[in-house]
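Take a short walk through this model.

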Amino acid sequence: MTLRNISGQFLDIWAKLTMLQRVSICAATVAVFASIAVLVVWANKPVYKTLYADMAEEDLKEVSENLRQKSIEYKINGSAIEVLPDQVYDTRIMLASEGLPKTKNTGFELFDESKFGMTEFMQNVNYQRALQGELANTISAMNEVAEAKVHISIPKERLFVQEEDTAKASVVLKLMPGARLTPDQIKSVSHLVSAAVKGLTPQNVQIVDTAGNLLSEFLTDENQPLLLTQTQINHQKEEEKRIEAKLRNVLSPILGDGKFVTKVNVEMDFNKREVMKEEFGDTPVLRSQHTLEINSKNTGKGPSGIPGVESNLAEPDILVDNIVSEYNKSEETNNYEISKTVTREEKTGGIIKRLTVAVVVDDKDAIETQDGNPVSVRRPRTDEDMAKLRGTIAGAAGIDPARGDVLDVSNISFDTADTTLDNLYSQREKNMELISMGAKYASAVVILLLFYLLILRPILKRLDQAKEIDEEMLGESALDAQLSALDITVGDESGFPKTVDELEREIEAELEESTPVDVEAVKSKVMLKKIEEQANEDPEMIANLMKALIKGS
């Protein structure tokens, strides 16, 4: 089949198609070529990698201009700039050598280059700029902070200390998307800035974010109690969550998820105390002992000594006239000490003052046989089971009866109607998802089937018909070639056509025996040719013959 025949057959088939089939074929062809074009473009599209992200507007402009001058392909994606993957690191080194990007705050590298003729005022300004840049770079190193700006107000030194103003500072933070600073982190930023500036206190550091929220409000003296109260409440909640988590870890393997509810209330004592206690023992201890003995004997001699001395003596008056006198004195002193214990105890705040734990347990699921069939039923828990659970919960939560802790464990049948409805709804949603998914696939199959039945199948069928017609035409052409080689005479000397038997005998004599011939086709062909020649020679006879045939019919 030649190309001309194929194109002709296609045009014939196209002419016989309906408008809907033509539009469908055109749409399918356009969709196929468009898909191929998109895939080719997407496959050949260059992939870019981020060079710098979250760039300032001025840095983005300078970097893009620099890349344009160096003929480096780049793409701007929001606040980020992207280049080809194999050029990322080389481009960064090249830009860094030129001091780009410039968003990073300049620190003490301002003093790397000495400048002559700089006044003291300029030196002070550069020092303040360098200090602000160093603090901003340090704060930006935090994971939650994307960018930081620090502004410091350093007062001038005065002759008298009373006349000096206090230093102040303000910090502007650009946080990462979705990030938040905790009070401890805000407090650390304020202490970091205040420690770097002489005479600056944390209360004089104001911290705000780019959304205009004041983050350092709690650092003032009047708001300190609020911060302390909030911290205490958070600590109490964390303690309650810790105990509840411990109870869930213990009860989940025993009862199963959804079979119990735990609530913990913790009363905490945040008062700070210093207790000093002295204890004395019952048995005294001898610490020291003093014994004094005096023995005196006089024999009656004459008076002697200095007048007035005997009034100062502890001894009695000295007798005279040979009278003998004696004096004996014994004195004993015992010092005892009682044992004493001094205890000094400092109690910090944040201890548990009282603990209240409430646990509600659902009924127990059991399998019972009803009418010979196993059925799941719910039964209340026995007293023995509840006693075991109560002991387990008390041990896990750390219940101390001496402290006044309260533990309440009860068995209540849970209402599972909502759960059943939720399960039904969820099952219905799953079924709807499956149905919708099946409908999508079914619609795709139907579309493909309709495309095949309405478009592809008629085209293939017409192509097959065209092929058969072509084969028949080829067969007839071969037959014509065979017939043309024959010497067929449609008339004799008398002018009347030969009979069919005579023509067949002549054809059989001319043709080879090995060549298959369709006799009926040959007859038809010969008759048509004979009628055509006769009509050309004697049209009146053919007209009369047609009239006779019409009248006879």
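Predicted model: local features only at pLDDT ≥ 70, side-chain atom pairs only at ≥ 80, totals over all residues.

Leu453 sits in helix α9, which spans residues 417-484. Its relative accessibility is 34%, so Leu453 counts as partly exposed. That class lies between the buried limit of under 20% and the exposed limit of over 50%.

Now turn to helix packing. Two packed helices are described by the angle between their axes and the distance between the axes. Apply that to helix α5 (residues 120-140) and helix α6 (residues 183-196). The axes of α5 and α6 come within 11 Å and cross at roughly 155°. Angles over 145 degrees count as roughly antiparallel. Therefore α5 and α6 are roughly antiparallel to each other. Their crossing is right-handed.

Next come helix α3 (residues 57-69) and helix α4 (residues 88-97), whose axes are 12 Å apart. The packing angle of α3 and α4 is about 110°. The range for roughly perpendicular runs from 65 to 115 degrees. So α3 and α4 are roughly perpendicular to each other. The crossing of α3 and α4 is right-handed.

Finish at strand β8, residues 273-298, where Ser296 lies. Is Ser296 buried or exposed? Ser296 counts as buried because its relative accessibility is 13%, and buried means under 20%. Ser296 and Lys329 are 33 residues apart along the chain. Their C-alpha atoms are separated by 8.8 Å.

Notes
Residues numbered from 1 in each chain as written. Heavy atoms only, no water. Helix = DSSP H or I, 4+ residues; strand = E, 2+ residues; numbered from the N terminus. Buried < 20%, exposed > 50% of the residue type's maximum accessible area, 1.4 Å probe, protein only. Axes fitted to C-alpha atoms, helices over the stretch in contact; angles between N-to-C directions. Parallel < 35°, antiparallel > 145°, perpendicular 65-115°, else oblique. Left-handed = near helix turned anticlockwise from the far one by under 90°.
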